[in-house]
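Welcome to this short tour! Please open your viewer and get ready to select residues as we go.

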There are 2 protein chains.
Amino acid sequence: MASTTTKTADRPKRQRFSPAERERLIVDGAIQFFAKVGFAGQTRELAQRLGISQPLLYRYFPTKKDLIERVYDEVFMGRWKSEWEDIIVDRAAPLRDRLVGFYDAYASEVLTYEWIRIYMFAGLADEDINRRYIDLLEQRLLIPVCTEIRAAAGVVDPEAASISDLEIEAAWNIHAAIFYYFVRKFIYRTPVEPDLAAYIRDTVDRTLEGAFVVIRKADNTNSPKAKN
Amino acid sequence: MASTTTKTADRPKRQRFSPAERERLIVDGAIQFFAKVGFAGQTRELAQRLGISQPLLYRYFPTKKDLIERVYDEVFMGRWKSEWEDIIVDRAAPLRDRLVGFYDAYASEVLTYEWIRIYMFAGLADEDINRRYIDLLEQRLLIPVCTEIRAAAGVVDPEAASISDLEIEAAWNIHAAIFYYFVRKFIYRTPVEPDLAAYIRDTVDRTLEGAFVVIRKADNTNSPKAKN
DNA sequence: TCCCTTATTTATCGTATGATAAATAATAAA
DNA sequence: TTTATTATTTATCATACGATAAATAAGGGA
């Protein structure tokens, strides 16, 4: 009466998946769940959201800690794309455009709801993931960006002197301003500018300006006598 | 043999305080404790750190939730000083110096270990404290700052047009850059510039530069025809 | 010095929670 | 169709945790 097949109506009580598929479902669900409620979230509630029994989690992960470790791995490992480093140093385009292009990609592929929240939960939980990630970011993004800023500011040999702390701070200002957009969106849940691309353009323009100020000031200082 | 008084050696098992004093001790301890471990921290552990029994907490606060609410009140209410608003608008000093002066005070009196961490815990817990605080900050700090930026940029009547979203964003960049220093220090626990005053000076200089760019651009647009 | 008030502790309850063991049923092979 | 394998569930344990009740003792007033 309802339809030719009753399969959709009364679904089988037990959905059986291959271990690989089930593990995938659990990990994806755990990422969503822990990103929302934090790592104090209960395994029973996670299981309920996944539509499975709570002990099944323990078939795939011996302890809750193991599952959390897996969530960290999934979220923070491998999202960084090495081709982004190529974008930054490709002087065919203006630095401003390179930064905007990079942050468009970085925002859409890294700065997601799950990433931002789990990153902050991890920091508050005193995990060392944040420090490791910050190291990665300095080496692969901020230091190259600083070199490019020097080049764009007309410094003759941008790689001559090592990057100063002040220059790194200026590069952090760019990055932090982008990051902060997503903190407001996903943590504070404040209304944000709907046009992300426009926000990125404006923010890069503003913060890059500040970075140039640093270089100009330092370059003037260094011109008469190589100092610091 | 040890000393003339044994009082220090064998302290009385039970220290009796007046209700007001004990409440003060509990609230202060709770702020420290929850700032460190988050609001999932257990009442037994809090009591242990306070050197009291766990049920004593319930003599002063009917539920854990009530204690947490009190912590929110203590940390977020009343730290804002209205005289800061006077600093910002006092055009006797250069805007840059006013901002540096304000952030020196704001950093030392608001952006403490407890404030930063509890603020972030609250955000992740979907409390509305953050949104309320952000509103306060926009009204009492950012909008006045935007007006001052206009004035410093030489806009004839800084209060004529309402402040645009883009100008607010520029002011947020200043604030976020300062804020981010403390996120790194107290959440990520990354090494930070030890000279905070120097950091504030440099950061205000850099980010203020970006804010001026916004005004100059907008002012050029507005000069021929009053638009937007 | 004794007594009374009450700040504080000890003992305990009910439920929540991570984790385990045994029972069940879905799927593929025979 | 029957049987073997194993993904999944039900039942359960041990401990953790918020909260309550009764017992204890510190300190002030008579």
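Predicted model: local features only at pLDDT ≥ 70, side-chain atom pairs only at ≥ 80, totals over all residues.

Where does Thr112(A) sit? Its place is the loop between helix H6 (95-109) and helix H7 (113-124) of chain A. Thr112(A) counts as buried because its relative accessible area is 18%, which is under the 20% cut-off. Now look for the backbone nitrogen of Trp115(A): the side chain of Thr112(A) reaches it at 3.2 Å.

Next, move to chain B and select helix H6 (residues 95-109). Colour the buried residues of H6(B), among them Leu95(B), Leu99(B), Phe102(B) and Tyr106(B). Residues three or four places apart in an α-helix point the same way, because there are 3.6 residues a turn.

Our last stop is DNA strand C, with 25 residues surrounding it. The closest include Arg14(A), Gln42(A) and Tyr58(A). Zoom in on the phosphate oxygens:

- A polar backbone atom of Lys64(A) is 2.7 Å from one.
- A backbone N or O atom of Gln15(B) lies 3.1 Å from one.
- A side-chain N or O atom of Ser53(B) is 2.8 Å from one.

Which element gives the most residues to the surface near DNA strand C? Select H3(B), which gives four. To finish, colour that surface by residue type: nine are nonpolar, seven polar and nine charged.

Methods. Residues numbered from 1 in each chain as written. Chains lettered and ligands numbered in written order. Heavy atoms only, no water. Helix = DSSP H or I, 4+ residues; strand = E, 2+ residues; numbered from the N terminus. Buried < 20%, exposed > 50% of the residue type's maximum accessible area, 1.4 Å probe, protein only. Polar contact = N/O pair within 3.5 Å; in protein donor to acceptor, adjacent residues only side chain to side chain. Expected span 1.5 Å × (residues − 1). Near = heavy atom within 4 Å. Nonpolar A, V, L, I, M, F, W, Y, C, P; charged D, E, K, R; others polar.
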